[in-house]
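Okay, thanks for having me, everyone. Let's take a few minutes to walk through a structure together; have a look at the screen.

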Amino acid sequence: MAAEDIEPVAKPPSNCLGCGGPLPPSKTRPRKYCSPPCREVARNPPKPGYSRRRRPLPDFAKDAGWSLRKDIDRFERIFADDRFPDYKQQVAASVRGHLEYAAQVCQDLISRLDHPTGG
Ligand SMILES: [Zn+2]
């Protein structure tokens, strides 16, 4: 191996190369970025015309859909729980408003999906 093949050992940065903030200590190898988002922005700089990278909307929507379904499953488990009859009043006080809000907003969103034009 020739000497010129050996890269000079760079001193690890004392601050995040992305945002300039303090670097958390690392037991493995020296960090250059304080967080995955800073590393991501440094690796994929924003394109001109975009303020920042955005996830493709269909991916975002798919994740939101599965997340919603998981939350609904949680409610179903709560309502199916053997303790539910004993705690029905308290559960109602905690969740009724959220469920009514969800039902109303979801109905509105569905009607927007079914609307023939625009959003
Ligand atoms: Zn940073």
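Let's start with Cys19, which sits in the segment before H1. By the way, helices are DSSP runs of H or I, at least four residues long, strands are runs of E, at least two long, and both are numbered from the N terminus. One caution: this is a predicted model, where local features need pLDDT of at least 70 and side-chain atom pairs count only at pLDDT 80 or more, while totals for chains, interfaces and linings use all residues. Residues are numbered from 1 along each chain as its sequence is written.

So, which residues does Cys19 touch, if we skip those up to four places away in sequence? They're Cys34 and Cys38, and touching here means C-beta atoms, placed from the backbone, within 7 Å. Cys19 counts as partly exposed because it has 14 C-beta neighbours inside 10 Å. The cut-offs: buried is 20 or more other C-beta atoms within 10 Å of a residue's own, exposed is 12 or fewer, partly exposed is in between, and again those atoms are placed from the backbone.

Next is Arg43, in helix H1, residues 36–43. Arg43 has 9 other C-beta atoms within 10 Å, so it's exposed. Its C-alpha is 9.7 Å from that of Gly18, 25 residues away along the chain.

Now the other helices. H2 covers residues 57–80, and its 24 residues should span 34 Å at 1.5 Å a residue; the rule is 1.5 Å times one less than the number of residues. The end C-alpha atoms are 35 Å apart, which agrees. The number of buried residues in H2 is 0, so it lies largely in the open.

What about H3, residues 84–114? A straight helix of 31 residues would span 45 Å, but H3 spans only 36 Å between its end C-alpha atoms. There's a kink of about 50° in H3, centred on Gln90, the bend being the angle between axes fitted to the seven residues ending there and the seven starting there. H3 is hardly covered either, with 0 buried residues.

Zooming out, the chain has 3 helices and 0 strands, and 1% of its 119 residues count as buried.

Conventions: Contact = placed C-beta atoms within 7 Å.
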